[in-house]
Amino acid sequence: MAAPTTAFVPTPRAAPRREVHFSEELFGRLLRTTTAMHAAGLKSFGLLLADPSDPRFPYVATDVAFFDPTKNRRNDPAMRAAFEAQGEYFRAYDDAGFVADAAELLQIYRRLDACDLDAVALFHVHRRQPANFSVIDFRLHNPAYPWHLIISLRDPTRPALQPFAVRKVATSEFGISAADQNEGSEKTYTGPEVTPLQLVVGSADDAMADTSRSVGGART
């Protein structure tokens with residue numbers, strides 16, 4: 001008689017992350033700074049930072065590193081041509097897009113090496129578009145970061161913030177070129193690699209007690 005067998009029960013996979021947690025201080029600072037930049041006619045772009053020991057890491061942010069909007073290299077000749085190859089929208093608006101200055105980028109990463117925080121996500125402002133993750137956003141997203149925050153200020157009195165999980169492999173297309181013919185790159189990217197996340201603002205204790213409140217497009 002054959003020996004009895006034991007049924008194999010696979011270990012359940014962890015549920016995918018559906019939330020990104022922000023501190024209240026960061027949420028307020030991010031809104032104040034990006035709104036002030038927008039009012040000055042400038043576009044905001046930067047890195048969101050978190051403590052790697054946080055149990056919610058990397059889907060949490062407590063600090064931010066802003067790139068200097070006056071050093072945006074988007075309209076350097078080579079980059080301007082590459083952006084204009086992404087469609088009429090990018091030819092009409094020379095502030096559509098952000099390219100970090102290489103020297104400033106190096107300085108920021110050196111500061112990160114000297115502190116106890118890691119960069120967990122990119123963020124940038126849409127000055128006229130909704131808080132959508134666009135085709136060009138996907139092309140330019142660095143696959144080292146698992147999520148990305150879009151802030152729409154097309155109505156500055158009602159800012160909209162939307163984080164997205166981005167599952168982009170290192171072999172995906174990255175970057176843009178003056179040889180592109182990508183009309184409509186400002187439109188929403190519809191691939192399965194990008195999914196919206198819920199933005200939760202408040203302390204870990206507040207989140208666990210479910211005392212959050214809804215404000216605008218974010219749960220706070």
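User: Is threonine 33 buried, partly exposed or exposed?
Analyst: Buried means under 20% relative accessible area, exposed over 50%, partly exposed in between (1.4 Å probe, protein chains only). Threonine 33 has a relative accessible area of 23%. That value makes threonine 33 partly exposed.

User: What pLDDT do side-chain atom pairs need in this model?
Analyst: Residues are numbered from 1 along each chain as its sequence is written, and side-chain values use heavy atoms, leaving out hydrogens and water. The model is predicted: totals for chains, interfaces and linings use all residues, local features need pLDDT of at least 70, and side-chain atom pairs count only at pLDDT 80 or more.

User: How many salt bridges does the model have?
Analyst: A salt bridge needs a side-chain nitrogen of Lys or Arg within 4 Å of a carboxyl oxygen of Asp or Glu. Glu25, Arg29 and Asp63 are linked in a network of such bridges. The count for the model is 10.

User: Which elements does the salt bridge between arginine 29 and aspartate 63 tie together?
Analyst: The closest N and O atoms of arginine 29 and aspartate 63 are 2.9 Å apart. The two residues are 34 apart in sequence, so the pair ties together separate parts of the chain. Arginine 29 is partly exposed at 23%, and aspartate 63 is partly exposed at 24%. The elements are helix H1 (residues 24-39) and strand S4 (residues 63-66).

User: By about how much of a helix are arginine 91 and glutamate 88 separated?
Analyst: Arginine 91 and glutamate 88 form a salt bridge, with their closest N and O atoms 3.3 Å apart. Arginine 91 is partly exposed at 39%, as is glutamate 88 at 44%. They sit three residues apart in helix H3 (residues 88-92), so their separation is about one helical turn.

User: Where do aspartate 95 and arginine 128 lie?
Analyst: Their side chains meet in a salt bridge of 2.7 Å, N to O. The pair links distant parts of the chain, 33 residues apart. Aspartate 95 is buried at 17%, whereas arginine 128 is partly exposed at 24%. Aspartate 95 lies in the loop between H3 and helix H4 (102-113), and arginine 128 in the loop between strand S5 (118-126) and helix H5 (135-140).

User: What are the edge strands of the six-stranded open sheet?
Analyst: Two strands pair if DSSP finds at least two bridges between them. The sheet has the order S4-S2-S5-S6-S7-S8, with mixed pairing. Each edge strand pairs on one side only. The edge strands are S4 and strand S8 (194-196).

User: In which sense does S5 pair with strand S6?
Analyst: Six bridges join S2 to S5, and these two run antiparallel. There, glycine 46 faces phenylalanine 123, and alanine 50 has aspartate 118 as its bridge partner. On the S6 pairing, valine 125 stands opposite isoleucine 151. S5 and S6 (residues 147-152) also share six bridges, and their sense is parallel.

User: How many of the nine residues of S5 are buried?
Analyst: S5 is largely enclosed by the rest of the structure. The reason is its count of buried residues, which is seven.

User: Which element gives the most residues to the lining of the largest pocket?
Analyst: A pocket (1 Å grid over the protein atoms alone, 1.4 Å probe) is an open set of points with protein on both sides within 12 Å along at least five of seven lines, and lining residues have an atom within 4 Å of a point. The largest pocket holds about 650 Å³, the space filled by probe spheres set on points joined across faces, edges and corners. Of its 35 lining residues, the closest to the centre are Phe45, Phe83, Phe98, Val99 and Leu140. With four residues, the element that gives the most is S5.

User: Where is the cis peptide bond, and in which loop is proline 58 found?
Analyst: The cis bond joins phenylalanine 57 and proline 58, with omega about 5 degrees. Proline 58 lies in the loop between S2 and strand S3 (60-61).
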